[in-house]
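Please look over the sequence and the model below before reading this briefing.

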Amino acid sequence: MAASKALMASLTHLRPLTCAASVSASYPTRLVPQPPDLIKWVQKQGGFVHKAVKIAQVDSKGLGLMASEEIPRGSDLIVLPHHVPLKFGSTVSNHEDEPDSVLVNLAGHVPEELWAMKLGLKLLQERAKVGSFWWPYVSNLPETYSVPIFFQGEDIKNLQYAPLLYQVNKRCRFLLDFEQECGRTLDNLKPDKHPFGGQEVDASALGWAMSAVSSRAFRLYGDKRPDGTHTDIPMMLPLIDMCNHSFNPNARIVQEKDTSATKMQVKVVADTEIKQDDPLLLNYGFLSNDFFLLDYGFVIPSNPYDCIELKYDGAFLDAASMAAGISSPNFSAPASWQEQVLRKLNLAGGAPDLKVSLGGLEIVDGRLLAALRVLLASDMEAVQNCDLNTLKSLAAEAPLGIANEVAALRTTIALCVIALGHFPTKIMDDESLLKQVASGSTELAIQFRIQKKSVIIDVMRDLTRRVKLLSSKEKATAES
């Protein structure tokens with residue numbers, strides 16, 4: 001699925017549209033060449049925008065928000081009244097979308113994990129509607145997105161990482177299937193019953209809408225439940241969603257009652273002093289690069305939350321353990337007492353969760369580490385006397401003895417070597433390719449796989465250091 005003229009042809013508007021830019025564009029064009037002033041629109045709707053907040057090009061990230069002068073900590077930067085965020089069912093009149101409406105029926109075919117598509121349907125409706133209340137916002141949205149569903153086939157392969165390839169292909173298949181569902185549902189509808197004004201909705205338009213939502217929407221408090229808690233509702237926040245990401249943000253989103261104490265307003269507050277020409281930054285979440293690329297279309301270098309996903313498999317672990325020089329591993333045929341621990345870790349039994357990871361803050365997935373320690377142990381009593389949380393913690397140094405710990409860590413290092421070998425190119429090759437590529441999607445794919453390989457190498461270095469320290473301690477103990 002590639003961004004193309006078909007994307008624009010599927011949803012036209014009275015205002016002229018430019019042709020879709022390719023994913024390789026440094027700064028994606030907006031839906032119309034000269035969209036309405038978004039800051040003035042927010043203010044016109046009763047919102048507040050700090051006088052120093054401006055829309056500007058932010059380095060290589062394209063358009064974002066920037067401070068034109070110093071802003072003190074605690075200052076309100078943007079305040080959106082309750083009717084400005086775009087939500088599924090949002091309306092500026094006195095009636096909500098009917099529960100049995102075509103739009104709601106279509107949304108019922110969207111799995112919860114692809115929640116962005118549900119709100120995307122509402123976004124497409126507003127994009128197609130002449131005179132939409134949200135048109136000043138919609139017209140400012142990018143014409144294309146750099147998420148992998150819009151990559152060419154070769155660049156999807158260039159990701160070289162099976163878990164992400166699976167997710168990309170899954171989303172593309174869903175969009176193609178959903179296009180067919182939309183066609184069946186919308187076929188022969190009268191214009192006044194058609195949610196998109198009689199216009200065709202194809203997979204490219206659906207992909208554009210889903211990407212716009214996944215890269216810009218926030219999941220915030222919705223209506224209050226009888227028990228006092230709030231529903232979790234995705235919403236698009238005009239202007240606020242132009243803040244870029246940082247793990248060290250200088251602003252945060254706050255929801256609070258407005259002056260009437262009846263409606264919820266959303267605002268952005270300066271969490272630190274913001275200097276002149278500094279961008280306004282929010283934390284999108286402590287996410288791996290899989291999510292950042294899949295949903296937002298960018299990769300974070302040296303992301304401390306990035307990890308690689310593996311499948312827990314006894315035969316695979318036996319091979320890794322033997323490669324590490326560990327004698328008589330029994331991952332494929334654990335003893336009954338070891339099997340009991342694996343069940344507690346949900347790595348065995350009727351419906352086990354076999355997805356484990358390396359990297360991130362844990363360095364080694366706690367369930368994987370506990371399994372390695374237990375399956376490489378011969379002392380049943382020592383294992384049974386050890387707390388499960390301790391077995392899962394890398395900070396708990398050698399809970400089953402130094403020899404056991406060294407064996408577990410060496411097996412994990414061997415897993416890393418095998419995982420690294422699954423990539424068809426080396427980091428040096430990738431870095432050389434980066435100097436030659438012109439396509440933005442190719443560059444993103446190569447950056448992504450470089451970061452995945454770097455995660456594996458960093459884990460290997462960390463565990464190798466731990467093995468050396470443990471070996472030194474074991475040697476010192478033996479000498480003493």
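Is Ala 398 buried or exposed? With a relative accessibility of 15%, Ala 398 counts as buried, because the cut-off for buried is under 20% relative accessible area. The model shown here is a predicted one, and the points below are grouped by topic.

**The chain as a whole**

- The chain has 480 residues, and buried residues make up 50% of them.
- Its secondary structure comprises 17 helices and 13 strands.
- When contacts between residues at least 6 apart in sequence are considered, 70% of them join residues that are at least 24 apart.
- The chain exposes about 22900 Å² of surface, and carbon and sulfur atoms supply 51% of that area.

- An α-helix has 3.6 residues a turn, so residues three or four places apart point the same way.
- After α7 comes Asn 188, which has a positive phi near 70°.

**Two helix pairs**

- The axes of α7 and α9 come within 11 Å and cross at roughly 25°, and that angle makes α7 roughly parallel to α9, because angles under 35 degrees count as roughly parallel.
- The crossing in which α7 passes α9 is right-handed, and the contact is made by Leu 164, Gln 167, Val 168 and Arg 171 of α7 together with Asp 290, Leu 293, Leu 294 and Asp 295 of α9.
- The axes of α4 and α8 come within 8 Å and cross at roughly 110°, and these two helices are therefore roughly perpendicular to each other, because angles from 65 to 115 degrees are given that description.
- Helix α4 also passes α8 in a right-handed crossing, and the residues that make the contact include Trp 115, Leu 119 and Leu 123 of α4, as well as Leu 206, Trp 208 and Val 213 of α8.

**Buried residues and what they touch**

- Asn 289 has its place in helix α9 and counts as buried, because its relative accessibility is 0%.
- Leaving aside neighbours within four places in sequence, Asn 289 is in contact with Val 299, Ile 300, Asn 303, Asp 306, Phe 448 and Gln 451.
- Phe 150 is found in the loop between α5 (135-138) and α6, and it is buried, with a relative accessible area of 4%.
- Although Phe 150 and Gly 297 are 147 residues apart along the chain, their C-alpha atoms are separated by 10.0 Å.
- Glu 405 is found in helix α15, where it is buried, with a relative accessible area of 2%.
- Not counting residues up to four places away in sequence, Glu 405 touches Arg 373, Ala 396, Ala 398, Pro 399 and Leu 470.

**Loop residues and positive phi angles**

- Most residues other than glycine have a negative phi.
- Ala 398, in the loop between α14 (388-391) and α15 (402-421), has a positive phi of about 50° although it is not a glycine.
- Asp 277 lies in the loop between β9 (264-270) and β10 (281-282), and its phi is likewise positive, near 70°, in a residue other than glycine.
- Asp 277 is partly exposed, with a relative accessible area of 48%.
- Glu 69, in the loop between β3 (63-67) and β4 (76-80), is partly exposed as well, with a relative accessible area of 34%.
- The C-alpha atoms of Glu 69 and Asp 277 are separated by 6.9 Å, while the two residues are 208 residues apart along the chain.
- Glu 69 touches Lys 51, Ala 52, Ile 274, Lys 275 and Gln 276, not counting residues up to four places away in sequence.

Conventions: Residues are numbered from 1 along each chain as its sequence is written. This is a predicted model: local features need pLDDT of at least 70, side-chain atom pairs count only at pLDDT 80 or more; totals for chains, interfaces and linings use all residues. Side-chain values use heavy atoms; hydrogens and water are left out. Helices (H or I, at least four residues) and strands (E, at least two) are DSSP runs, numbered from the N terminus. Buried means under 20% relative accessible area, exposed over 50%, partly exposed in between (1.4 Å probe, protein chains only). Contact means heavy atoms within 4.5 Å. Accessible areas come from the Shrake-Rupley method with a 1.4 Å probe; for residues, only the protein chains shown count as cover. Axes are lines fitted to C-alpha atoms, for helices over the stretch in contact, and angles run from 0 to 180 degrees between N-to-C directions. Angles under 35 degrees count as roughly parallel, over 145 as roughly antiparallel, 65 to 115 as roughly perpendicular and the rest as oblique. A crossing is left-handed if the near helix is turned anticlockwise from the far one by less than a right angle, and right-handed if clockwise.
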